[in-house]
Amino acid sequence: MVGISLGSLKKLGRWVSGLSVLTRTVGALVIVVLIAASAWGLSVSKAQANLLRTDPDLESTDPASMKFATPRGEAVFKKDCAVCHGAQGKGDVTRGVPDLADNDWLYGVGAASDIETTVLYGIRAPNRKTWNLADMPAFARKIPYAREPTIPPLTPGDINDVIAFLDSQSGQKVDAEAATRGGAIFSNRGGCYDCHGDGHGDSAIGGPNLVDNIWLFGGTQKQKFDSIAYGRAGYCPAWVTRLKPGKIREVALYVYSLSHQSPAKGPSAQ
Ligand code: HEC
Ligand code: HEC
């Protein structure tokens, strides 16, 4: 009450007693509702501030944090992410949008901190910290990969051989000779090994696993051929300049929850 003089309090009193009972009751109710709403607002922003104070990986194993964050993150997801990733986060192979619910990750191991990093800076987005270490070369072009012009092109026959090799690695019956030729291309001439490791991918540069039967751009013969012949370079926006840090944390924890129904399980690489 500092700064309010006795005189002005008396005036306020006279003014209030001049009002009808109904007006006073309604006024009191409005004040109670306003106080409750601002208290709720304060407690939400306090919970959000708390959420930002700790490590996302700790929060992802804390049921209370997850209970607060996931419904709020889901609202962010529906508004800003579902347009590409789908309402359930299941992605779309015809557009090269990954399934965020399958616990198979292009970048990192699916820890909440990995997810948050991708959400913050995006993939091949116009941001200094974005994931942009490698693209899929277009092996049908004369110079398949501008960043590494020494990588030579492949013929359609070579490409079919390398697909036979990948199919054999994921347990399918294939023409053994074609697979052998394809294996040599994979680890030598084609340089596939550099970015896809032994076929299980490289999550430090977003080189997908090619032998797990999970496909970013589809797993039909034609889709695989197109990936190898014409190249791929998917884009996910950077959200650091578009969403507040609290919302980014919430949506990252929500995405984490899609593949970790029981928070105690922790992340797993695939
Ligand atoms: C310079 C690194 C690099 C090299 C070399 C490379 N790839 Fe890739 N490849 C990638 C990246 C990165 C992606 C994912 C692109 C994206 O996310 O848009 C990819 C995607 C693919 C895909 C699509 C995967 C999916 O899940 O849909 C196939 C198939 C593939 N590569 C096969 C090959 C083969 C076969 C070779 C060798 C002939 C090869 N790649 C060489 C980096 C590379
Ligand atoms: C314009 C379409 C688009 C929008 C909008 C979008 N994404 Fe993406 N996102 C993609 C594509 C495409 C990829 C895969 C990029 C690649 O090929 O590497 C991706 C990749 C990701 C990945 C990496 C998955 C992995 O396996 O490592 C995460 C996490 C992700 N998005 C989260 C989000 C979230 C959260 C939002 C909303 C705040 C969002 N995205 C909005 C298109 C989009």
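Q: Let us start with H6. Which of its residues are buried?
A: This is a predicted model. In H6 the buried residues are Ala 112, Asp 114, Ile 115, Glu 116, Thr 118, Val 119 and Leu 120. That makes 7 of its 10 residues, and the helix is mostly covered.

Q: What covers the buried residues of H6?
A: The cover includes helix H3 (56-59) and H11.

Q: And what follows H6?
A: Gly 122 follows H6, with a positive phi near 75 degrees.

Q: Now H2. How many of its 33 residues are buried?
A: The count is 1, and H2 is hardly covered.

Q: How far apart are the end C-alpha atoms of H2, and what should the helix span?
A: The end C-alpha atoms are 47 Å apart. Helix H2 covers residues 21-53, and at 1.5 Å a residue its 33 residues should span 48 Å, so the two values agree.

Q: Stepping back, how many helices and strands does the protein chain have?
A: The protein chain has 11 helices and 0 strands.

Q: What is its radius of gyration, against that of a compact globule?
A: The protein chain has a radius of gyration of 27 Å, whereas a compact globule of 270 residues would have one near 18 Å. Along the principal axes, its C-alpha atoms fill a box of roughly 100 × 35 × 30 Å.

Q: What share of the protein chain is buried?
A: Of its 270 residues, 31% count as buried. As for contacts between residues at least 6 apart in sequence, 64% join residues at least 24 apart.

Q: On to the ligands. Which residues come nearest to ligand 1?
A: They are Met 136, Gly 190, Cys 192, Cys 195 and Gly 234, out of 27 residues around ligand 1.

Q: Which helix gives the largest share of that shell around ligand 1?
A: H9 does, with 4 residues. Helix H9 (192-196) and helix H10 (221-230) each supply at least two residues of this shell. By class, the shell around ligand 1 divides into 15 nonpolar, 8 polar and 4 charged residues.

Q: And ligand 2, which residues come nearest there?
A: Of the 25 residues around ligand 2, the nearest are Cys 81, Cys 84, Leu 106, Gly 234 and Cys 236. Helix H5 (82-85), helix H6 (112-121) and helix H11 (245-259) each contribute at least two residues to the shell around ligand 2.

Q: How does the shell around ligand 2 divide by class?
A: It has 19 nonpolar, 5 polar and 1 charged residues.

Technical notes
Residues numbered from 1 in each chain as written. Chains lettered and ligands numbered in written order. Predicted model: local features only at pLDDT ≥ 70, side-chain atom pairs only at ≥ 80, totals over all residues. Expected span 1.5 Å × (residues − 1). Buried ≥ 20, exposed ≤ 12 C-beta atoms within 10 Å, placed from the backbone. Near = placed C-beta within 6 Å. Nonpolar A, V, L, I, M, F, W, Y, C, P; charged D, E, K, R; others polar. Rg over C-alpha atoms; globule rule 2.2 N^0.38 Å. Contact = placed C-beta atoms within 7 Å.
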